[in-house]
Amino acid sequence: MGIGNISINMQDIMDDKEVQGAIYEVYLRELAFWTCVNKIANAVSKCEFKTYVKGKEVKDAEYYLWNYEPNQNQNAAGFVNKLIGKLYRNNECLVVEVNRKLYVADSYCKEPFALKDYEFSGIVIDGYELSETLRMSDVMFFELNSNDMRKLMNGMYETYSKLIVYAQEAYKKSRGKKGILNVEAIAQEDDNFNENFNQLMTEHFKNFFSKENAVLPLFEGYNYQDISDSGKTYSTESTRDIKALADDIFEFTARGFSFPPSLAKGDVQDTGKAIDELLTFVVDPLIKMLQQEINRKRNGYKGFKQGTYIKIETLAVKHIDIFDIATPVDKLISSGAFTINDILEVLGKPRIEEEWANQHFMTKNYSKIQDLLSDLKGENAENGEN
């Protein structure tokens, strides 16, 4: 490839250590970043957006919009994944409503004002740019607070990418073939010495080192000694050093997200505890921020006073095995805390269209202390005790 009078060899560029470092940095950074973000997005997409009108749960157009079809081109899961991806990539995300459909903006220009609504212009959705300028009150604007952490993570990525390139080079050198070629005087006196020597170095040795099974032809006056095994140790030729450096990038990225490192790296030990940590320190705060912005823009203070709001339920994030929770379900129903239909909804099972399935049941083991004392006094009176 040439630019003006300058000739550029792409192979030389790709072999450059700085270029390799930059490539590894981008690959590992993106892999670690999207591993964490996709897990967060998948967790949020499993949540149910429950809608309430005047304090009662209803499933109408608003419920369908958030849980099934935000717009004609996306289902709810795809919409949430795009929203979370934009939010973590750009530290903010803009969602606009057009013709009663919700869209995640791909790009926009934001003009902040101290004492009045921010304004958003140049809003682009899938290549289509909206002509109007929208105010903050007209849109849903989600924002994180992790800019400084991302800068710190970017600096860490650059350092670790160089270390990984170095570790790969060290591994290749430890695995490479090395030897000593003795060329005696008798070989150098041959009239075709230069030709034979070049052929030996460029063809025969190349085939010998690159092939799984090969024979190296040596003429009189040439003696080759393999020294590849000298000084080799298992530690110097192991790929675990490279994997450990890559794992460090995943771990630091996860900590930047307050994300369990074991989930980022794909470890299966103590997965339950890791998921609990993910829900507590990542998903729950994120859900609260999403919920607040949705409610203040779509329902406002008037809706708040009337009991009209959206609640994002996180119970479905964790996989539920009905056999593992049989005893807890019995306690939840017998204590009167939940109805049978409440439990069925959490399990993702269809509701029972019977009145008794919506009733609260309580065993006789649960009673007020006053009732218990009254019963004891009654028994004592019947037995003639003072």
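**Figure 1. Helix H4 gives the most to the lining of the largest cavity, with 4 residues.** The model is a predicted one, in which local features need pLDDT of at least 70 and side-chain atom pairs count only at pLDDT 80 or more, while totals for chains, interfaces and linings use all residues. Residues are numbered from 1 along each chain as its sequence is written, and side-chain values use heavy atoms, leaving out hydrogens and water. The count of cavities of 30 Å³ or more comes to 1. A cavity is a set of points on a 1 Å grid over the protein atoms alone where a 1.4 Å probe fits but cannot get out, and lining residues have an atom within 4 Å of a point. The largest cavity has a volume of about 60 Å³, the space filled by probe spheres set on the points, which are joined across faces, edges and corners. Its lining consists of Val44, Phe49, Trp66, Phe79, Val80, Leu83, Ile84, Phe142, Leu290 and Ile294. Two or more of these residues come from each of helix H4 (76-90) and helix H10.

**Figure 2. The largest pocket holds about 740 Å³ of space.** A pocket is an open set of points with protein on both sides within 12 Å along at least five of seven lines. The lining has 32 residues, of which Glu48, Lys50, Tyr63, Glu345 and Val346 are the closest to the centre of the pocket. At least two lining residues come from each of helix H2 (17-45), strand S3 (48-53), strand S4 (56-58), helix H3 (61-67), H4 and H13. Such helices (H or I, at least four residues) and strands (E, at least two) are DSSP runs, numbered from the N terminus; the protein has 14 helices and 14 strands.

**Figure 3. The largest nonpolar core contains 42 residues.** A nonpolar core joins buried Ala, Val, Leu, Ile, Met, Phe, Trp, Tyr and Cys residues through side-chain atoms within 4.5 Å. Ile40, Ile84, Tyr88, Leu286 and Leu290 touch the most other members. Helix H10 (residues 271-298) gives the most to this core, with 10 residues. Leucine 286 is in contact (heavy atoms within 4.5 Å) with Ile40, Val44, Ile84, Leu87, Tyr88 and Leu144, if neighbours within four places in sequence are left aside. A second, separate core of 13 residues includes Leu94, Ala105, Ile125 and Leu130.

**Figure 4. Glutamate 92 lies in strand S5 (residues 92-98).** Because its relative accessibility is 16%, glutamate 92 counts as buried; the term means under 20% relative accessible area, with exposed over 50% and partly exposed in between (1.4 Å probe, protein chains only). Not counting residues up to four places away in sequence, glutamate 92 touches Lys86, Leu87, Tyr108, Lys110, Phe141, Phe142 and Glu143. Its side chain makes a polar contact of 2.8 Å with the side chain of tyrosine 108. A polar contact is a pair of N or O atoms within 3.5 Å; within protein, one must be able to donate a hydrogen and the other to accept it, and residues adjacent in sequence count only if both atoms are side-chain atoms.

**Figure 5. Helix H12 (residues 326-334) has Val329, Ile333 and Ser334 as buried residues.** These residues lie on the same side of H12, because they cover an arc of only 120° around the axis. The arc is taken from the directions from the helix axis to the C-beta atoms. Helix H13 (340-346) is part of what covers the buried residues of H12. Asparagine 341 belongs to H13 and is buried, with a relative accessible area of 0%. Apart from neighbours within four places in sequence, asparagine 341 is in contact with Arg351, Ile352, Ala357 and Asn358.
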